Amino acid sequence: MIGVNGKMNSKEQSRVVKFQKKYAKNFGKDKKWDILTQERFFSSVANLLNIGFSLPTALNFISETDKKLSLGIHQILNHLKEGHSFSESISIFIDEEAYQQIKIAESHGKISEVLKKIADFDRLRAKQIAKIKAVMIYPIFLICLLIALICGIKFYLIPQISSFSKESEPVSFVNNFVVFFGIAIIIFMFVIMYKYFIHQPIINKTLLLSKVPIFGKLYQKYLAYYLSGNLAILLNNGLSIKEIIFTLTSSSKENLNSVLAKALGQRLTEGVEITKAANFDRIVSPEMVKFLNSKKTVKDMAMSMEAYSQVMFQDMISLTDKLISAVQPIMFLIIGITIAATYLQLFMPIYNAMKGMY
């Protein structure tokens, strides 16, 4: 579709227009790629770079062989021709974490390795999401049947049974009021919590997410994987702690890396020891602080960070598998409790009606 020189004839231009119309919903301007699309893109670019393709040639090749990525890559190539960096050119299509990793690798690392690493992580995410969907299909089907059963009992059986006993009518009204009031309170609390969360600084958001029951531990492992991986890239290029801080804080856009680096730099300037300066509760793991404070060479420190990043990656896989295996039993427990409560609500009017007869 796009030649090596980046120019298109009229026939190719009309073909691009067709692709724009066909894929506008999924790949329009400023539309993020889904996980699988992002993984396919990074994996393809990494493989082509590893076998000797230049970046523009690799992008042109993918554009010609992958129709679903063609429109997005055409936009990326146009951004590159305008003088933008690769990370800036793809930022509208990828998530923030991937953008930051690519930006760091673009200046201080081997970009093909980082792209492969991101592709592997996206592949894991897609695989785990597919597992969750597979596990949830049967419980969701049961929940739908249960909702239909509850509605039938609530709006058909209970009113008929309640007609035998006048005493049950006020009780039914009170129960309905309590249920709807409770639901309204829960929704209101969730809205307040969401608004509170989105207006928090990045550090506070990260701390709040790391404290969420059950999922907080998984998020902490992701942070360890993400931060140690970024540090490994910078250390592999021989950058000192001061140079790393300068590199991360020079970002024009505020992100977790830049905020942490700025806070670390400020603490070090005040004379705080590295072990205390790098201590960000639940964000920077103790192992990472030890690596930074070790007497090892920069190269050995980089190797330790890279190995630790891989360990955290494997821990994430293990922990997500455990959480997924716990989803079905929890769902069935909730369904069982709901069924018991529904039958209790059904038999209470019958009991009241019978009590009134004798």
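Biologist: Is the crossing of helix 12 and helix 13 left-handed or right-handed?
Modeller: This is a predicted model, in which local features need pLDDT of at least 70 and side-chain atom pairs count only at pLDDT 80 or more, while totals for chains, interfaces and linings use all residues. Residues are numbered from 1 along each chain as its sequence is written, and side-chain values use heavy atoms, with hydrogens and water left out. A helix is a DSSP run of H or I of at least four residues, numbered from the N terminus, and a crossing counts as left-handed if the near helix is turned anticlockwise from the far one by less than a right angle, and as right-handed if clockwise. By that rule, the crossing of helix 12 and helix 13 is left-handed.

Biologist: Which residues of helix 12 make the contact with helix 13?
Modeller: Contact means heavy atoms within 4.5 Å. On the side of helix 13, the contact is made by Asn257, Ser258, Ala261, Lys262, Leu264, Gly265 and Leu268, and on the side of helix 12 by Ile241, Ile245, Leu248 and Thr249.

Biologist: Why are helix 12 and helix 13 called oblique to each other?
Modeller: Angles run from 0 to 180 degrees between the N-to-C directions of axes, which are lines fitted to C-alpha atoms over the stretch in contact. Under 35 degrees counts as roughly parallel, over 145 as roughly antiparallel, 65 to 115 as roughly perpendicular and the rest as oblique. Helix 12 (residues 241-249) and helix 13 (residues 256-269) have axes 8 Å apart and pack at an angle of about 135°, and they are therefore oblique.

Biologist: How is helix 11 oriented to helix 13, and which residues of helix 13 make the contact?
Modeller: Helix 11 and helix 13 pack at about 70°, with their axes 12 Å apart, and that makes helix 11 roughly perpendicular to helix 13. Leu223, Tyr226, Leu227 and Asn230 of helix 11 meet Leu256, Asn257 and Leu260 of helix 13.

Biologist: How many cavities of 30 Å³ or more are there?
Modeller: On a 1 Å grid over the protein atoms alone, a cavity is a set of points where a 1.4 Å probe fits but cannot get out, whereas a pocket is an open set with protein on both sides within 12 Å along at least five of seven lines, and lining residues have an atom within 4 Å of a point. By this rule the count comes to 1.

Biologist: Which elements give two or more residues to the lining of the largest cavity?
Modeller: The largest cavity holds about 250 Å³ of space, a volume being the space filled by probe spheres set on the points. Its lining has 16 residues, with Leu231, Leu248, Leu260, Ala261 and Leu264 nearest the centre. The elements in question are helix 11, helix 12, helix 13 and helix 15 (286-293).

Biologist: Which helix gives the most to the lining of the largest pocket?
Modeller: The largest pocket has a volume of about 830 Å³ and 30 lining residues, of which Phe215, Leu218, Tyr219, Thr320 and Leu323 lie nearest its centre. Helix 7 (96-108), helix 8 (111-162), helix 11 (215-236) and helix 16 (298-357) each supply at least two residues of this lining. With 8 residues, the one that gives the most is helix 8.
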